[in-house]
Amino acid sequence: MTEMKDDFALVTRAGEAARASYGMPLAVLAELTHRCPLQCPYCSNPVELETSRAELTTAEWCRVLGEMAELGVLQIHFSGGEPLVRKDLEQMVAHATEVGLYSNLITSAVMLTRERLSRLYDAGLSHVQISFQGAESMVADRVGGFAKGHAKKLEAARWTRELGLPLTVNAVMHRQNLHQLAGIIEMSVELGADRLEVANVQYYGWALKNRAALMPTRAQLEETTRIVEEAQARLQGVLAIDYVMPDYYALRPKQCMGGWGRQFFNISPSGKVLPCHAAETITGLDFASVRDHSLEWIWHNAEALNRYRGTDWMPEPCKSCDFKEVDFGGCRCQAFALTGNAANADPACVKSALHESLFQLADTEAETGSERFLYRNFSGGVPES
């Protein structure tokens, strides 16, 4: 490993001006593993998954959690794959608590037991986020590719609330489950969830392979917006509902991850530090690893984090856009997936030359795309750790 004192010397030379240009990270997504019992056709993990042999050890993760706290990080989101595959998850949650991090478990919950959730609670777990693929088993289990998965998720959500833990329902929405959105909202209320994320599928990685089977129609989008707006007004103070327009139908790109390398970062199972969970889809970027450098050195000096930070990198039309410090150019991964160049304008923006063709593509795939999913093949489930 590179000497830590050399790392900190470089950080010092970066100076306060560099810190002021992008601030300190607020939250980290810790992708503990790519192993997962589900086969979701919109999976955001890389097409080429990292093996269990490449994963950071318990000691390495605990060291990194301490470095996060020293760097000023406030929240740690334990994710995957399925983080419950890691038998040392309780140790990591306990260490996060010890160093003062607010910890969130992002899980499919199909592997969760009441006993293990209690151990995680005792270790200091602060919040639980459970993904749902529909409002009832027939749709949800088909999407997730896991028999009786929906029933397990409902059970885990009830355990979460019984323990007094805050609960977020993450509903990944697309053409084949949007008709159940009203039911998902009511399900979230019945479960006592604090927040519902109506998370429209984003098309890169494995989801790009299934785009034609997932793309919503314009009619669905209009109905979805109506349902969400009505529910937000009706359930104010009961359930917070987050909703963002699907990218291919938007007029302006969203502020992806708060802007590249500005507020958040991800750590892959093997320790690579990424500006977002899909950044590895952009070829030609070299991501620094926590096995080679301290987190502080990486945050300030890593080439991949600095590549699209701020606004100086922007070409036209982004460079002269009045919104460039609002959306920071949108999604670099989407720009790469659709144009072949991550520095191009996000085609979700109306100022992109490809925006109109993106609308037309969405319309065509939504109306003519197959209903058949291309699932990941895990060859019998979760590999042994």
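A: A residue is called buried under 20% relative accessible area, exposed over 50%, and partly exposed in between, with a 1.4 Å probe and protein chains only. Thr168, with a relative accessible area of 4%, is therefore buried. This is a predicted model, in which local features need pLDDT of at least 70, side-chain atom pairs count only at pLDDT 80 or more, and totals for chains, interfaces and linings use all residues. Residues are numbered from 1 along each chain as its sequence is written, and side-chain values use heavy atoms, with hydrogens and water left out.

Q: Where is Thr168 placed, and which residues does Thr168 touch?

A: Helices (H or I, at least four residues) and strands (E, at least two) are DSSP runs, numbered from the N terminus. Thr168 belongs to strand β5, residues 167-173. Contact means heavy atoms within 4.5 Å. Leaving aside residues up to four places away in sequence, Thr168 touches His127, Val128, Gln129, Ile130, Arg195 and Glu197.

Q: How is the packing of two helices described?

A: One gives the angle between the two axes and the distance between them. Axes are lines fitted to C-alpha atoms, for helices over the stretch in contact, and angles run from 0 to 180 degrees between N-to-C directions. Here the axes of helix α7 (residues 181-191) and helix α10 (residues 218-234) come within 10 Å and cross at roughly 25°. Angles under 35 degrees count as roughly parallel, over 145 as roughly antiparallel, 65 to 115 as roughly perpendicular and the rest as oblique. The crossing of α7 and α10 therefore makes them roughly parallel.

Q: Which residues of α7 and α10 make the contact?

A: From α7 come Leu181, Ala182, Ile185 and Glu186, and from α10 come Thr224, Ile227, Val228, Ala231 and Arg234. For classes, Ala, Val, Leu, Ile, Met, Phe, Trp, Tyr, Cys and Pro count as nonpolar, Asp, Glu, Lys and Arg as charged, and the others, Gly among them, as polar. The contact of α7 with α10 has 6 nonpolar, 1 polar and 2 charged residues.

Q: At what angle does α7 pack with helix α6?

A: Helix α6 (residues 149-162) packs with α7 at an angle of about 35°, the axes being 10 Å apart. His150, Leu154, Ala157, Arg158 and Arg161 of α6 meet Met187, Glu190 and Leu191 of α7. That contact has 4 nonpolar, 1 polar and 3 charged residues.

Q: How many disulfides does the structure hold?

A: A disulfide is a covalent bond between the sulfur atoms of two cysteines. In a model, the test is a pair of cysteine sulfur atoms within 2.5 Å. The structure holds 0 disulfides. For Cys331, the nearest cysteine sulfur is that of Cys256, 4.2 Å away. For Cys333, the nearest is that of Cys276, at 3.6 Å. Cys331 is buried, with a relative accessible area of 3%, and Cys333 is buried at 1% relative accessibility.

Q: Which residues of helix α14 are buried, and what follows the helix?

A: In α14 (residues 332-339), Arg332, Cys333, Gln334 and Ala335 are buried. Gly340 follows α14 and has a positive phi near 85°.

Q: Which residues other than glycine have a positive phi?

A: Among them is Lys148, with a phi of about 65°. Lys148 is in the loop between α5 (137-144) and α6, and is exposed at 64% relative accessibility. Another is Met257, with phi near 55°. Met257 lies in the loop between β7 (240-243) and β8 (264-267), and is partly exposed at 26%.
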